[in-house]
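Welcome! Please take a moment with the sequence and the 3D view before reading on.

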Amino acid sequence: MKKYNTKKIIIANWKMNPQNSEQAASLFKKIVLGVKKSRKSKVVVAPPFVFLPALQKIGGLDLAAQDVFWKDEGAYTGEISPKMLKNVGVSYVIVGHSERREFLGETDEMINRKVKAALSAGLKTVLNFVKDELRSDLEGVSQRFAKNLIIAYEPLWAIGTGNAAEPDDIFEMATYIRRNIFDILGKKAAYETPILYGGSVDRKNAEAFLRARGVGGLLVGGASLLSKEFIDIVKSINV
Ligand code: PGA
């Protein structure tokens, strides 16, 4: 049984940025070029939905959506299905980001439906974890889909604040998360599910997080909008 993923997963979460497709394409191309030689990391870009097809066309990196709905089709105004994401070549999706919980009122029940729908559509599903909602978010998830699960741990006070957590504290949290995954999804998933750290990651602190025990990668918000800064973050594990 392999312990943790060997390649670090580094996800650029662009949130509601940038404002037009030219800027999105230009940022994406710079990142593609800058991380091309990175062998120790798997870089994924999560742009707003509207830029996904254009960035997929440019190619060079896997793409993530920042959200997904739990139904495949139907009268759900404004929503995007797992199938639609697959059909534009998206392979990852972030589910339950704390900003969606806060500003859109997403509940654990909704997130649980999204997790199940995304996993059964074959999307690698990055569940955003802030404190103790793991059990309700993962309730009823089948063990056979667990290989596509990724947990992104982000302390609320660290998101967008410039105050990152201490790399040493992440191990403790990762252990707690693994213990929960063990109870819900069994031993294999507990060992193998990558646990990412997110919250004010920048080029100065990235290496310490990437080298911290139990950390399988990073979810990067603000710093992923600055191509040089983000490329440095990715390179910090390749030195
Ligand atoms: P931040 O955001 O890096 O700007 O703190 C991280 C996230 O919320 O994904």
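Here is a short tour of the strands and helices.

## About the model

This is a predicted model, in which local features need pLDDT of at least 70, side-chain atom pairs count only at pLDDT 80 or more, and totals for chains, interfaces and linings use all residues. Residues are numbered from 1 along each chain as its sequence is written, and side-chain values use heavy atoms, leaving out hydrogens and water.

## The barrel

Eight strands form a closed barrel with parallel pairing, in the order S1-S2-S3-S4-S5-S6-S7-S8. On average, neighbouring strands are turned by 25° against each other, direction ignored. Strands here are DSSP E runs of at least two residues, and helices are H or I runs of at least four, numbered from the N terminus; two strands pair if DSSP finds at least two bridges between them.

S1 and S8 run parallel and are joined by four bridges, and Ile-10 stands opposite Leu-218 in S8.

## Strands linked by helices

Strand S2 (residues 41-46) runs parallel to strand S3 (residues 62-65), with two bridges joining them; Val-45 has Leu-63 as its bridge partner in S3. Together with helix H2 (residues 52-58), S2 and S3 make a right-handed β-α-β unit (clockwise from the first strand over the helix to the second, with the strands pointing away from the viewer).

## A helix and its neighbours

Note on methods: Axes fitted to C-alpha atoms, helices over the stretch in contact; angles between N-to-C directions.
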